[in-house]
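Here's a walk through one protein model, taken a piece at a time. Keep the structure open beside you and click along as we go.

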Amino acid sequence: MKIGIIGAGQLGQMLALSGFPYALQFRFLDFGADAPGARVAPIVVGAFDDVAALRRLAGEVDVVTYEFENVPVAALREMAATRPCFPPVDALRVSQDRILEKELFGRLGIPTPPYRAVDSLADLEAGVAALGLPCVLKTRRLGYDGRGQRVLRKRADVAPAWEALGSVPLILEGFIAFDREVSIVGARSTTGETRAYPLAMNTHREGILRVTVAPARDARLQRAAEGHLRRVLDHLGYAGVLTLEFFVERGRLVANEMAPRVHNSGHWTIEGAVTSQFENHLRAILGLPLGETRPVGHAAMVNFIGTMPAHERVLAIPGAHLHDYGKAPRPGRKLGHATVVGRTAAERDTRLRRLLRLVPR
Ligand code: AMP
């Protein structure tokens, strides 16, 4: 069985690695011949909107998936007419537009921050008047890792934010004074079988995920998050792994966004759960029984952003697992991560503190 993965970044690389024990074979599509995935499977080199390249990939494999959200929907739809493609193209379409995403959440009874579409300075002024300050202005499409967004704290921030972002359609969101941020990763198979992982607690800085701690161990929030996740999965007739990110505001989940793919906040599952998110994604798109999502201990994942610590310093920490994506260092770039697992939350926290000393604060 050959699987095509659109995008050969670290997510694609980890997906392919998790499929090797099943004797699965992989091909990537990426514009860079030296993307991280190149070390584990051949890359069809081409742009993500290049229908001919997508068709070439499809021609070499039995099923196609993607690790990258900014694949043009029209190009993917054309390709999906020739080969099964999971997660469904419609999930990708919704996730690419923050307004469609929030409309879907609204229809499914999932709370979101209050929001307004912004297509003019007048819309922005009206939105600020309606939602109040502070609020967050974001591009509707193509935002990731906090790019394309501004927090508006005072009236004087409005015009410069419009100057900076206003050339494309925007969304204005009410600012959520959250207690913490959490995410839930789950999988739905082509057979309809569904499983969810324990909630993970996430810390972001400058819009980029820095640390994930899991399991969050909050039975009430877990139930609520699983309910939200299952509604989205079933509504979309989903197959594969899906991630929902939430703010926790006064004990209540408020949905921020969804990702129709394996997710950085699920990396802890490689060593911290019975079955990793990557393995479950493959099982889900191949219609195989899903693996158990139970945690095996207490895990914390730290991203290495901009610089990699010395491998030996990470590996000197008991219970530490290192993932170096083999990428050239660049400020703000995710170069790798490490996960520490402990038998107790206290042991995990001690190991996490040691790991955090290795990253710039
Ligand atoms: P996003 O790209 O939407 O995931 O935003 C990146 C990060 O910015 C989030 O993880 C939050 O830490 C912060 N953020 C985004 N939207 C809001 C909001 N409406 N209220 C408060 N913080 C936000």
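Before we start, bear in mind that this is a predicted model.

Let's begin with the second largest pocket, which holds about 150 Å³ of space. What sort of residues line the second largest pocket: nonpolar, polar or charged? The lining divides into 6 nonpolar residues, 5 polar ones and 1 charged one. If you want to pick them out on screen, look for Met14, Leu17, Ser18, Thr269, Ile270, Ala273, Val274, Thr275, Ser276, Phe278, Glu279 and His323. Three helices supply at least two lining residues each: helix 1 (10-19), helix 9 (269-272) and helix 10 (277-286). Helix 1 gives the largest share, with 3 residues.

Now to a strand. Is strand 17 mostly buried or exposed? In strand 17 (residues 334-342), 9 of the 9 residues are buried, so the rest of the structure largely encloses this strand. Strand 15 (residues 298-305) pairs with strand 17 in the antiparallel sense, over 8 bridges.

Next up is helix 2 (residues 51-60), whose buried residues are Ala53, Leu54, Leu57 and Ala58. Why do they sit on the same side of helix 2? They cover an arc of only 140° around the axis, and that puts them together on one side of the helix. What do these buried residues pack against? Their neighbours are strand 1 (2-6), strand 2 (25-30), strand 3 (43-45), strand 4 (63-66) and helix 3 (73-80).

Not counting residues up to four places away in sequence, Leu104 touches Val94, Val232, His235, Leu236 and Met258. If you'd like a sense of scale, Leu104 and Asp50 are 54 residues apart in sequence and 29 Å apart in space, C-alpha to C-alpha.

The backbone has some details to check as well. A cis peptide bond joins Phe86 and Pro87, with omega at about -10°. Pro87 has its place in the loop between helix 3 and helix 4 (89-95). Another cis bond runs from Ala214 to Pro215, where omega is near 0°. Pro215 lies in the loop between strand 12 (208-214) and helix 8 (219-235).

Stay in that loop for a moment, because Arg217 lies between strand 12 and helix 8 as well. Phi of Arg217 is near 55°, a positive value in a residue other than glycine. Arg217 is exposed, with a relative accessible area of 62%. Ala23, in the loop between helix 1 and strand 2, is another non-glycine residue with positive phi, near 60°. Is Ala23 buried or exposed? With a relative accessible area of 61%, Ala23 is exposed.

Conventions. Residues are numbered from 1 along each chain as its sequence is written. This is a predicted model: local features need pLDDT of at least 70, side-chain atom pairs count only at pLDDT 80 or more; totals for chains, interfaces and linings use all residues. Side-chain values use heavy atoms; hydrogens and water are left out. On a 1 Å grid over the protein atoms alone, a cavity is a set of points where a 1.4 Å probe fits but cannot get out, and a pocket is an open set with protein on both sides within 12 Å along at least five of seven lines; lining residues have an atom within 4 Å of a point. Grid points are joined across faces, edges and corners, and a volume is the space filled by probe spheres set on the points. Helices (H or I, at least four residues) and strands (E, at least two) are DSSP runs, numbered from the N terminus. Ala, Val, Leu, Ile, Met, Phe, Trp, Tyr, Cys and Pro count as nonpolar, Asp, Glu, Lys and Arg as charged, and the others, Gly among them, as polar. Buried means under 20% relative accessible area, exposed over 50%, partly exposed in between (1.4 Å probe, protein chains only). Two strands pair if DSSP finds at least two bridges between them. The arc is that of the directions from the helix axis to the C-beta atoms. Contact means heavy atoms within 4.5 Å.
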